[in-house]
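This report describes how parts of one protein model pack together. Please look at the sequence and the structure before reading on.

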Amino acid sequence: MMGEMGDPVQLKEEGNKHFQTGEIDQAIECYTKAIKACKDKKAQAVIYRNRSACFLKKENYSGAASDASRAIDVDASDIKALYRRCQALEKLGKLDMAFKDVQRCATLEPKNKTFLETLRRLGAEIQQKLKTTFSTDSRVQNMFDILLSEEEDKEKKEKAANNLIVLAREDAGSERIFQNNGLALLMQLIETGKVEMILAAIRTLSGMCTGHRARATAIIHMIGINKLCSIMGMDNEEIALATCNLFQCVYESLSGADSRIYGKEEALVLDSSKDLKTILLALLEMVGSKNVSGYGRDQALNLLTKNVPRKNKKDSDHSKSLFTIDHGLRKILKVCGQVPDLPNQLAMTENTQLIASVLLNKLYDDLRCDPERDNYRDICDEYIKSKFDPNDMDKNIHAINALSGLLQGPFDVGNILVGRQGVMEMMVALCASEREVDQLVAIEAIIHGSTKMSRASFIISNGVSLLKDIYKKTKNEKIKIRALVGLCKLGSAGGDDYSMRQFAEGSTEKLAKQCRKWLCNPTLDVRTRKWAIEGLAYLTSDADVKDDFVEDEPAMRAMFELAKSRDKTILYAVACTLVNCTNSYEKKEIIPEMVQLAKFSKQHVPEPHPKDKKDFIQRRVKRLLKAGVISALAVMVKADSSILTDQTKEMLARVFLALAEDPVDRGTIVAQGGGKALIPLAIEGTDLGKIKASHALAKIAAISKPEIAFPGERVYEVIRPLVSLLNTERDGLQNFEALRGLTNLAAMNDKLRVKILKEKALPEIENYMFEEHEQIRQAATECMCNLVCSKEVQDRYLEDGNDKLKLLVLLCSEDDEDLQIAAAGALAMLTAAQKKLSVKMTKVTEQWLEILQRLCLHDNPQIQHRGLVMVFNMLDADEELAKKLIESELLEILSYVAKKEDNPKIQAGIDAARACISKAMDLGLIKPFTQ
């Protein structure tokens with residue numbers, strides 16, 4: 001009661017009690033209240049000293065040092081406070097200050113061995129640090145000398161560059177470079193104009209900026225944001241990528257996304273918002289600048305995509321998106337509107353316009369209300385209208401191409417603009433133009449604009465004959481293939497509904513055959529062949545087409561090779577094609593009663609194609625695996641995050657799940673790197689995509705050797721996706737396969753078992769042990785059997801007030817032998833590890849002895865062996881319990897089993913029974929037989 005009223009003495013005592021019982025958070029809370037309530041300086045100093053000890057336990061070293069200092073301010077000879085501050089300062093890396101504190105402690109208590117040992121150790125560490133510092137300084141200078149020398153050989157320069165990059169990744173190394181005129185020397189490397197020198201400098205700067213706000217701020221001010229943009233704008237892919245990484249490191253350090261603690265220097269930088277705004281404006285300037293290379297433009301767009309939209313929609317601040325829309329939306333539309341075949345266009349790569357469309361989509365998705373969306377649409381509408389000019393065809397195709405960019409990004413915005421008066425008519429008119437470039441742009445716009453069936457029906461009535469005419473007459477392969485894709489898309493508007501075919505019987509197969517022919521033609525450029533895959537992406541919704549495609553192995557291999565090429569705009573089309581071929585798209589559940597009702601009321605009823613039945617799908621999956629689909633998927637997953645959208649990731653996850661359906665195929669998936677490729681898909685993407693990828697991982701983890709399927713540290717990344725499947729929202733098969741996967745992982749080593757427990761999987765696994773479904777209950781019990789090797793799990797079984805142990809004992813009496821093996825195995829390991837559990841086992845249920853006897857007499861040698869091991873553990877645990885066991889019918893059972901002749905099939909059980917008899921003799925409970 002006194003503690004609640006705020007008595008500092010009472011609060012301090014409560015804090016002491018919490019500290020002694022290891023309840024550190026509660027202790028801190030009590031000490032904090034006591035400090036506020038206490039008016040006496042000396043008493044307050046003692047409480048500060050106590051709270052300092054708590055902060056040390058919590059590894060809050062700056063807090064510990066601060067509290068100890070307050071105690072020392074009151075009493076300079078407070079030896080406990082001095083030593084605690086010494087410990088905290090050492091952990092903060094301030095060895096010289098820590099040394100002074102322990103020196104004072106040793107002066108006050110010269111015979112204290114702890115102080116003397118700490119003094120000796122810190123002295124040695126300071127000497128070593130000085131030695132390293134001087135050697136680091138000379139090494140830094142030496143590296144720059146080698147890099148800037150005209151005479152040194154290439155190999156020596158490469159080694160010096162790599163050493164400099166490695167050094168910059170450590171805080172101490174970064175600081176040495178920074179203090180030793182490093183920035184000026186790094187600028188000299190950049191000014192050489194040599195690619196390898198520029199890369200070395202940029203990568204070193206990235207290391208120096210990582211996680212250090214003060215240094216990142218100093219670097220961008222000394223080098224200049226415009227200078228960094230000009231480097232990123234160079235026509236070199238590696239330099240653009242490295243500078244993009246540098247900008248990302250700077251952005252994360254300044255915005256606090258990378259918030260490592262680096263002591264007092266952080267206080268020097270009060271507000272980074274101005275610098276962040278300057279970076280944002282500079283990147284937007286790069287997007288529309290003629291002086292920037294295609295690689296540089298791609299990276300500027302990538303940085304905007306990654307850092308502008310909110311990561312979490314619950315975060316209310318989306319001011320960066322509003323700022324970007326106001327200052328940069330027109331510039332992004334300008335990129336979308338570029339037509340590479342015209343003169344004086346911005347430099348672009350094959351991926352630039354798709355990255356711009358992705359950014360447009362993410363910005364639109366980040367808006368929170370209708371007025372903001374209206375403003376976005378108005379800017380787009382105004383931009384496209386401003387480009388329409390009856391006297392300038394180049395401007396018109398720029399407008400239509402920008403519209404194509406919107407249709408690939410925020411489709412709703414593009415769709416509204418396509419519906420504006422004159423827009424669709426302009427597309428049709430451009431198709432009839434004599435200029436090939438006009439036709440090319442218009443056909444692409446029609447392809448992107450006919451995504452919704454309502455639009456497709458408009459174009460079918462207006463444009464199919466036009467597209468057919470262009471396809472027949474044009475000699476330009478680029479236009480011919482796009483016209484074909486337009487026809488493909490319109491031909492597939494009915495999806496997989498067999499009764500809704502748009503074209504005559506056999507037409508779609510002919511279109512698909514032509515697409516496969518283009519795809520396999522190596523003389524065509526990648527961009528042109530890409531459109532063949534676009535065509536197949538639409539046409540493979542028809543089961544005849546997908547069946548023909550998987551029979552054409554050269555076409556499949558050609559598609560997989562293109563998926564691995566530099567042009568990543570192809571990924572979505574490849575993913576669509578694979579989803580169609582594996583039938584892994586979302587299917588609506590067909591309820592027979594509703595079908596009858598729809599027919600009765602003369603409503604349209606979708607009809608599945610005969611070739612979309614299970615055996616056809618399985619055959620297609622086998623053909624895809626044989627053609628090397630997994631290696632292509634593994635490359636696709638590694639694509640740049642801007643191009644590999646969440647929707648594409650979900651499709652890839654769907655394909656992986658379909659491929660992993662048959663256990664026979666999972667070995668092939670693992671051998672070709674499918675296990676590793678699935679991990680990023682299970683961690684990032686749409687919720688549904690992550691579930692699908694996690695399920696595929698569970699299927700692989702359940703039957704594969706984890707060290708082969710997920711080599712190295714990757715195996716630890718598998719656990720979280722599997723645990724995510726252990727909840728009531730997932731279906732029974734997902735629960736079951738996740739449990740089997742975790743069982744397999746838990747058998748590997750203790751580090752993995754600890755990781756499973758850290759992911760809070762234990763309560764879920766325990767819940768599934770109560771499950772009515774036999775297979776799920778068995779899988780959960782098998783998983784627990786492997787987890788009981790962990791000390792933490794054993795401790796949970798030791799706790800009072802739960803039925804965990806009782807459940808295991810009762811599961812041993814079930815009829816399912818696999819369940820009995822798992823439950824009895826868990827009990828055998830628990831009773832071997834914790835003797836108290838042997839005694840506790842006899843108290844959880846009155847049936848324990850009967851169940852134990854049944855296990856020891858079981859026909860299954862594995863179950864019998866586990867039961868006999870339990871008996872041995874109980875004999876070894878407690879004399880009273882041992883006496884009770886020997887006085888029961890168990891002695892007869894043990895004698896019966898022990899007297900059996902040696903037999904390899906049941907030898908483990910015989911040996912265990914003999915060990916029990918021997919143990920009973922040692923305890924004097926039975927006498928040895930003598931003649």
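## Packing in a predicted model

Helix 19 has buried residues that are covered by, among others, helix 17 (294-307), helix 18 (319-337), helix 20 (370-387), helix 21 (393-408), helix 22 (411-418) and helix 28 (526-539). The model is a predicted one. The buried residues are T352, Q353, L354, I355, A356, S357, V358, L359, L360, L363 and Y364. Helix 19 covers residues 352-365, and at 1.5 Å a residue it should span 20 Å; its end C-alpha atoms are 20 Å apart, which agrees.

The largest nonpolar core has 263 residues. Y376 is one of the residues with the most contacts inside this core, together with L406, L519, L633 and Y797. Setting aside residues up to four places away in sequence, Y376 touches I325, L329, L360, L363, Y364, L367, L406, P410 and V413. A second, separate core has 34 residues, including I24, I47, C105 and F115.

Buried residues in helix 54 are Q907, G909, I910, A912, A913, C916, I917, K919 and A920. They pack against helix 51 (861-877), helix 52 (879-887) and helix 53 (890-898). After helix 54 comes G924, which has a positive phi, near 75 degrees.

The structure holds two aromatic pairs. In one of them, the ring centres of Y83 and F115 are 5.2 Å apart and the planes are at 50 degrees, so the pair is tilted. This pair links distant parts of the chain, with Y83 in helix 6 (residues 79-91) and F115 in helix 8 (residues 113-148), 32 residues apart. Both Y83 and F115 are buried.

How many disulfides does a search of the whole structure find? The search finds zero. The sulfur of C249 has its closest cysteine sulfur in C209, at 7.1 Å, which is too far for a bond. C576 is in no disulfide either, and the nearest cysteine sulfur, that of C581, is 11 Å away.

| Residue | Relative accessible area | Class |
|---|---|---|
| C54 | 0% | buried |
| Q248 | 9% | buried |
| C249 | 12% | buried |
| C576 | 15% | buried |

C54 is found in helix 4 (residues 41-57). Apart from neighbours within four places in sequence, C54 is in contact with F19, I24, A27, I28 and Y31. C54 and I28 are 26 residues apart along the chain, while their C-alpha atoms are separated by 6.5 Å. Q248 lies in helix 15 (residues 237-255). With neighbours within four places again left aside, Q248 is in contact with L303, K306 and N307. The value for Q248 is 9% relative accessibility, and the cut-off for buried is under 20%, so Q248 counts as buried.

Technical notes
Residues numbered from 1 in each chain as written. Predicted model: local features only at pLDDT ≥ 70, side-chain atom pairs only at ≥ 80, totals over all residues. Heavy atoms only, no water. Core = buried A, V, L, I, M, F, W, Y, C linked by side-chain atoms within 4.5 Å. Buried < 20%, exposed > 50% of the residue type's maximum accessible area, 1.4 Å probe, protein only. Contact = heavy atoms within 4.5 Å. Helix = DSSP H or I, 4+ residues; strand = E, 2+ residues; numbered from the N terminus. Disulfide = S-S within 2.5 Å. Phe/Tyr/Trp six-rings, centres within 6.5 Å; stacked < 30°, edge-to-face > 60°. Expected span 1.5 Å × (residues − 1).
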